[in-house]
Amino acid sequence: MTDQQRLADLWTTEQKLTGNYDAFASDCVHLGLRNEMLQALARSHATQTELLLAAQARGWYHTEPADEGRIRQVMYRFTVEWTD
């Protein structure tokens, strides 16, 4: 397994963990346990960011700057969907 594949695997694992932490925290009625899950969720999000930055630094993850028109279009779409 290459470093790139390993990093992608770690990122995918963290994505699945955040989904599970989020679902569990949403369904949890015990406040202490819910807070623990929310803290785990935040740590997992931070780990994902670190992994993406590491991949980007190695040239394995590319992003393109969005133009203003596209940003406004997406913002409008989500604003309209949430207000309907």
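Contact, as the word is used throughout this tour, means heavy atoms within 4.5 Å. The model on screen is predicted, so local features need pLDDT of at least 70 and side-chain atom pairs count only at pLDDT 80 or more, whereas totals for chains, interfaces and linings use all residues. Residues are numbered from 1 along each chain as its sequence is written, and side-chain values use heavy atoms, with hydrogens and water left out.

**The whole chain**

Along the principal axes, the C-alpha atoms fill a box of roughly 45 × 45 × 15 Å. The radius of gyration of the chain is 17 Å, while a compact globule of 84 residues would come near 12 Å (taken over C-alpha atoms, with the globule rule being 2.2 Å times the number of residues to the power 0.38). Of the 84 residues, 14% count as buried, that is, under 20% relative accessible area, with exposed meaning over 50% and partly exposed in between (1.4 Å probe, protein chains only). Among contacts with a separation of 6 or more, 56% are made by residues 24 or more positions apart.

**Helices α1 and α2**

Next select residues 3–27, helix α1, together with residues 31–57, helix α2, whose axes come within 9 Å and cross at roughly 160°; axes are lines fitted to C-alpha atoms, for helices over the stretch in contact, and angles run from 0 to 180 degrees between N-to-C directions. That angle makes α1 roughly antiparallel to α2 (over 145 degrees; under 35 is roughly parallel, 65 to 115 roughly perpendicular and the rest oblique). The residues of the contact of α1 with α2 divide into 16 nonpolar, six polar and three charged, where Ala, Val, Leu, Ile, Met, Phe, Trp, Tyr, Cys and Pro count as nonpolar, Asp, Glu, Lys and Arg as charged, and the others, Gly among them, as polar.

Now select Q48, which lies in helix α2 and is buried, with a relative accessible area of 11%. Which residues does Q48 touch, not counting those up to four places away in sequence? They are W11, E14, Q15 and T18.

Finally, move to E50, also in helix α2, which counts as exposed at 55% relative accessibility.

Conventions
Helix = DSSP H or I, 4+ residues; strand = E, 2+ residues; numbered from the N terminus.
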